[in-house]
Amino acid sequence: MAAKVYHKFLEQLLKGNVGDMSAGGTAVKAILLSTAYSFNIDHAFVSDIVASEVSGTGYVAGYAGAGRVALASKAVTRDTTNDLVYFDADDVSWAGLNLGATQIGSIVLWLPKTNDADSPVICFDDTGGFPITTTGGTYLHSWPSAGIFKLVP
């Protein structure tokens, strides 16, 4: 698991402001970013990263854009053998994705609220073969088998 968790998300998690991320009523979405984005652990909201969001055939950018895919089968699991808690979900895909010369450099998970300025970013993932060039096929991002991110005491 190489996903890096943003500080603001951890702060909100500890303050009890996140809720149950595995619950059906809690949306968690994935946003695709270009190689122009440089990870900054202090980014707090989607508005901090949106300038690097990709756009093209098969990906409509923006808060309500069809490019931002909701995660399915979300799970929070406590692993007592390895003394950690991890978050996982089904792999995500984008059909007919063609971004031209723009390469995908990373994926960021986020919690939708009312707009990009109040929707917190959760974690950043640049593993799995990035950067990726798309040519109109389906892009499937497979999460690590050990979960998307983990919290270790």
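Search this whole structure and you'll find seven aromatic pairs. Keep in mind that the model is predicted.

**Tyr6 and Phe39**
- Tyr6 and Phe39 make a tilted aromatic pair, with 5.2 Å from centre to centre and 45° between the planes.
- This pair ties together distant parts of the chain, 33 residues apart: Tyr6 is in the loop between β1 (4–5) and α1 (7–14), while Phe39 is in the loop between β2 and β3 (69–70).
- Tyr6 counts as buried because its relative accessibility is 0%.
- Phe39 has 26% relative accessibility, so it counts as partly exposed.
- Both rings also belong to one aromatic cluster, made up of Tyr6, Tyr37, Phe39 and Phe124.

**Phe9 and Phe149**
- Here the aromatic pair is edge-to-face: Phe9 and Phe149 sit 6.2 Å apart, centre to centre, with 80° between the planes.
- Distant parts of the chain are linked again, this time 140 residues apart, with Phe9 in helix α1 and Phe149 in strand β10 (residues 149–151).
- Phe9 is buried, at a relative accessible area of 2%, and Phe149 is buried too, at 4%.

**The largest nonpolar core**
- This core has 40 residues, and the ones touching the most other members are Trp94, Leu109, Ile148 and Phe149.
- At least two core residues come from each of β2 (29–34), β6 (92–94), β7 (104–110) and β8 (121–125).
- β7 gives the largest share, with five residues.

**A charge over a ring**
- Arg68 lies over the face of Trp110, 5.0 Å from the ring centre.

Methods. Residues numbered from 1 in each chain as written. Predicted model: local features only at pLDDT ≥ 70, side-chain atom pairs only at ≥ 80, totals over all residues. Heavy atoms only, no water. Core = buried A, V, L, I, M, F, W, Y, C linked by side-chain atoms within 4.5 Å. Buried < 20%, exposed > 50% of the residue type's maximum accessible area, 1.4 Å probe, protein only. Helix = DSSP H or I, 4+ residues; strand = E, 2+ residues; numbered from the N terminus. Phe/Tyr/Trp six-rings, centres within 6.5 Å; stacked < 30°, edge-to-face > 60°. Lys NZ or Arg CZ within 6 Å of the ring centre and 35° of its normal.
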